[in-house]
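Subject: Structure for you to look at

Hello,

Here is the structure I said I would pass on. My notes on it follow below.

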Amino acid sequence: MKVGMLGLGNMGAGMATTLASKDFEVYGFDLSPEAMARVLEKGVKPVESLKELLDSINILIISLPKAEHVEAAILGENGVLTHGHAGLIVIDTTTSTPETSRKVAAELVKKDMSFADAPVSGGPKGAASGTMTMVIGAEDDVVEKIRPVLSAMSTTQVHIGGIGAGNVAKIANNLLSAAHLITTAEAISLAVNAGVDANKVLEGINAGSGRSAVSQVMFPQWVLSKAYDSGFSMGLMRKDVGLAADMADALDLDLPLSRKIIDLWRQSSKQQLLDTDDFTAIVKYTDQEFFG
């Protein structure tokens with residue numbers, strides 16, 4: 001099974017090297033020569049063009065920042081639709097939109113190519129260790145064909161439904177993550193200002209019903225340590241909560257608490273929280289004195 005990775009950033013490089021370490025034949029392409037050089041020494045075979053990548057593989061994995069990049073890579077001039085061959089399966093791990101997934105899948109199927117939206121959770125560390133979670137939107141037969149690759153890249157795979165369903169689930173998940181970062185920061189700020197040790201109150205939360213992946217993983221590793229280096233940016237999370245807002249608008253849903261969370265993420269840019277900052281730094285918007 002020959003696998004190609006299009007996009008060798010933090011996530012794509014981690015997924016590619018994980019597959020290479022598990023005896024898959026992995027080829028990679030990225031517009032950045034530096035990104036290509038980094039994976040070469042980890043068992044991934046870099047190629048000079050998308051066409052060369054597609055000629056070498058039967059499964060293509062895409063890891064790009066946004067839906068528009070996915071659409072351009074697949075439907076654009078000299079993209080996957082142009083150079084891909086019959087039987088190719090495209091797995092998009094980008095947090096994209098269900099509309100984009102359905103659009104590109106409809107075009108690919110005309111040339112006997114298949115598509116799955118399979119956005120991931122777990123960050124660069126999970127990509128590099130093969131411990132991610134994937135939520136999948138695809139037809140049943142496609143899921144079975146790609147299962148060996150998905151299992152090698154991640155510890156958990158949840159088949160949500162047809163094409164686009166994976167992105168719906170991922171947008172919902174990231175909306176919750178965005179909310180939990182803020183609510184957990186507020187709970188810790190409340191406790192600290194009441195004279196309680198932050199680490200101890202976090203231990204109590206994680207033993208109780210208020211815990212989440214944010215309190216169990218993000219706060220100990222990246223927030224209370226003030227490392228703020230999870231590898232996922234403020235800009236990408238602002239993009240993701242924007243996708244949730246767009247979906248709510250399209251469905252004419254009120255969602256008052258979610259709307260407030262989305263507004264807080266957008267407003268945080270006024271507090272010198274740059275798009276390039278780590279997304280866990282949103283806690284500084286709650287309590288600059290403690291988390292800063």
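In strand 6, F115 is the residue that stands opposite V90. Strand 5 (residues 89-92) and strand 6 (residues 114-117) run parallel and are joined by four bridges; two strands pair if DSSP finds at least two bridges between them. Helices (H or I, at least four residues) and strands (E, at least two) are DSSP runs, numbered from the N terminus. Between strand 5 and strand 6 the chain passes through helix 6 (residues 98-109), a right-handed β-α-β crossover. Right-handed means that, with the strands pointing away from the viewer, the path from the first strand over the helix to the second runs clockwise.

This is a predicted model: local features need pLDDT of at least 70, side-chain atom pairs count only at pLDDT 80 or more, and totals for chains, interfaces and linings use all residues. Residues are numbered from 1 along each chain as its sequence is written, and side-chain values use heavy atoms, with hydrogens and water left out.

Three aromatic pairs turn up in a search of the whole structure. Rings of Phe, Tyr and Trp (its six-membered ring) pair if their centres lie within 6.5 Å; planes under 30 degrees apart count as stacked, over 60 as edge-to-face and the rest as tilted. One of the pairs is F232 with F279, edge-to-face, at 5.1 Å centre to centre and 85° between the planes. F232 is in the loop between helix 11 and helix 12 (234-250), and F279 is in the loop between helix 13 (256-267) and helix 14 (288-291), so the pair ties together parts that are 47 residues apart in sequence.

Regards
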